[in-house]
Amino acid sequence: MSKIQLVAEAKLPTKFGIFRMVGFEFADSRKEHVALVMGDISNSEEPVLARIHSECLTGDALHSLKCDCGFQLETALTQISHEGRGVLIYHREEGRGIGLINKIRAYALQDQGMDTIEANEALGFAADERNFAVCADIFDLLGIHKVRLLTNNPNKIDTMRNAGINVVERVPLNVGENRYNTAYLTTKAEKMGHFIVHDEQHDNHQHGVCCSCQQEQLKSK
Ligand SMILES: Nc1nc2c(ncn2[C@@H]2O[C@H](COP(=O)(O)OP(=O)(O)OP(=O)(O)O)[C@@H](O)[C@H]2O)c(=O)[nH]1
Ligand SMILES: [Zn+2]
């Protein structure tokens, strides 16, 4: 497989501020990834606040409560904009690498009682099919070698370090817990070693999707 290349860039104004959007592509497979960069990252000595965000159409764009992705995406972009400097790699590995349609199939099995990992395995996939190494190559192409990584996933940290990216700090990203994703978060913590801190109160009053509040909202409709 060829190495990923930086192929396009442009300004992207968002509700979180103005980013530089950088497009990356593998010449052979045409597989695409994108990074949103804010501020001056040219000083390679100053660690960059960085997020590797794996694609989740349902959570990121369709407001699903089954996972924490949408909340993490918003929080990461907010934190980067507060610092005025940082990068978010939008890692196009939908459904932990199994793709959108297979993720829907996995959700159907979860509706019957399987957890995230059991559902993936019942479909013939590993628990996690993602390849994070490409993100180290993207950091490298952006001239970033020292990061404070926004994640709860130890595997992302290990993969970056093994690829020569200096992760000087893990910045936790525990947001978005609600009644529909508690089991998903528990599976991540218990079976995948993620650093999940359960929030007894849930932190979603601010998002209007707290378990009980949401119930009330749904009932009143
Ligand atoms: N196969 C599968 N993928 C899922 C499911 N729910 C969310 N995803 C995908 O999981 C990926 C996000 O992975 P997570 O385990 O939530 O988080 P992470 O990226 O490993 O770790 P953080 O950096 O802490 O967010 C995205 O690609 C989602 O599309 C599911 O039930 N099954
Ligand atoms: Zn998700």
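**Entry 1: a threonine in a helix**

I started with T75, which sits in helix α2, residues 69-83. Is T75 buried or exposed? I count T75 as buried, because its relative accessible area is 16% and the cut-off for buried is under 20%. I then followed its side chain, which reaches the backbone oxygen of F71 at 2.8 Å. Setting aside residues up to four places away in sequence, I found T75 touching L173 and V175.

The mean pLDDT of the protein is 90, and 89% of its residues reach 70 or more. I also noted the scores, ipTM 0.98 and pTM 0.91. Where does pLDDT stay under 50? I found that stretch at residues 203-221, for which the model has 28 contacts beyond four places in sequence. Where pLDDT is low, the predicted coordinates should not be read in detail. I left the side chains there alone.

**Entry 2: the overall make-up**

I looked up the secondary structure and got eight helices and seven strands. Of the 221 residues of the protein, 48% count as buried. Among contacts with a separation of 6 or more, 59% are between residues 24 or more positions apart. The protein exposes about 10,900 Å², and carbon and sulfur atoms supply 51% of that area.

**Entry 3: the ligand site**

Next I turned to ligand 1. How many residues surround ligand 1? I have 24 in my notes, and the closest are R51, R96, T151, K156 and Y184.

- R51 has a side-chain N or O atom 2.7 Å from an oxygen atom of ligand 1.
- R96 places a polar side-chain atom 2.7 Å from an oxygen atom of ligand 1.
- Q110 places a polar side-chain atom 2.8 Å from an oxygen atom of ligand 1.

I then looked at cover: on its own ligand 1 has 660 Å² of accessible area, and the protein covers 99% of it. Which elements give two or more residues to the shell? I wrote down β4 (48-54), α3 (100-111), α4 (116-122) and α7 (182-192). The largest share, three residues, comes from α3. By class, I have four nonpolar, 10 polar and 10 charged residues in the shell.

I picked H91, which lies in strand β5, residues 86-91. H91 counts as buried because its relative accessibility is 0%. Which residues does H91 touch, not counting those up to four places away in sequence? I listed H33, I52, H53, S54, E55, R130, N131, F132, V134 and C135.

Leaving aside neighbours within four places in sequence, I see V147 in contact with P47, V48, A50, F139, I165, N166, V167, V168 and E169.

**Entry 4: helix α5 and its end**

I went through helix α5, residues 133-142, for its buried residues, and noted V134, C135, A136, I138, F139 and L142. V134 and C135 were already in my list of H91 contacts, and F139 was in the one for V147. G143 follows α5, and its phi is positive, near 80°.

Most residues other than glycine have a negative phi. I therefore went looking for exceptions, and wrote down two.

R30 has a phi near 65° and is found in the loop between β2 (17-26) and β3 (32-38). Is R30 buried or exposed? I count R30 as exposed, because its relative accessibility is 53% and exposed means over 50%.

H63 also has a positive phi, near 65°. I placed H63 in the loop between α1 (57-61) and α2. At 67% relative accessibility, H63 counts as exposed.

Note on methods: Residues are numbered from 1 along each chain as its sequence is written. Chains are lettered from A and ligands numbered from 1 in the order in which they are written. Side-chain values use heavy atoms; hydrogens and water are left out. A residue is near a molecule or strand if one of its heavy atoms lies within 4 Å of it. A polar contact is a pair of N or O atoms within 3.5 Å; within protein, one must be able to donate a hydrogen and the other to accept it, and residues adjacent in sequence count only if both atoms are side-chain atoms. Accessible areas come from the Shrake-Rupley method with a 1.4 Å probe; for residues, only the protein chains shown count as cover. Helices (H or I, at least four residues) and strands (E, at least two) are DSSP runs, numbered from the N terminus. Ala, Val, Leu, Ile, Met, Phe, Trp, Tyr, Cys and Pro count as nonpolar, Asp, Glu, Lys and Arg as charged, and the others, Gly among them, as polar. Buried means under 20% relative accessible area, exposed over 50%, partly exposed in between (1.4 Å probe, protein chains only). pLDDT is the predictor's confidence in each residue, from 0 to 100. Contact means heavy atoms within 4.5 Å.
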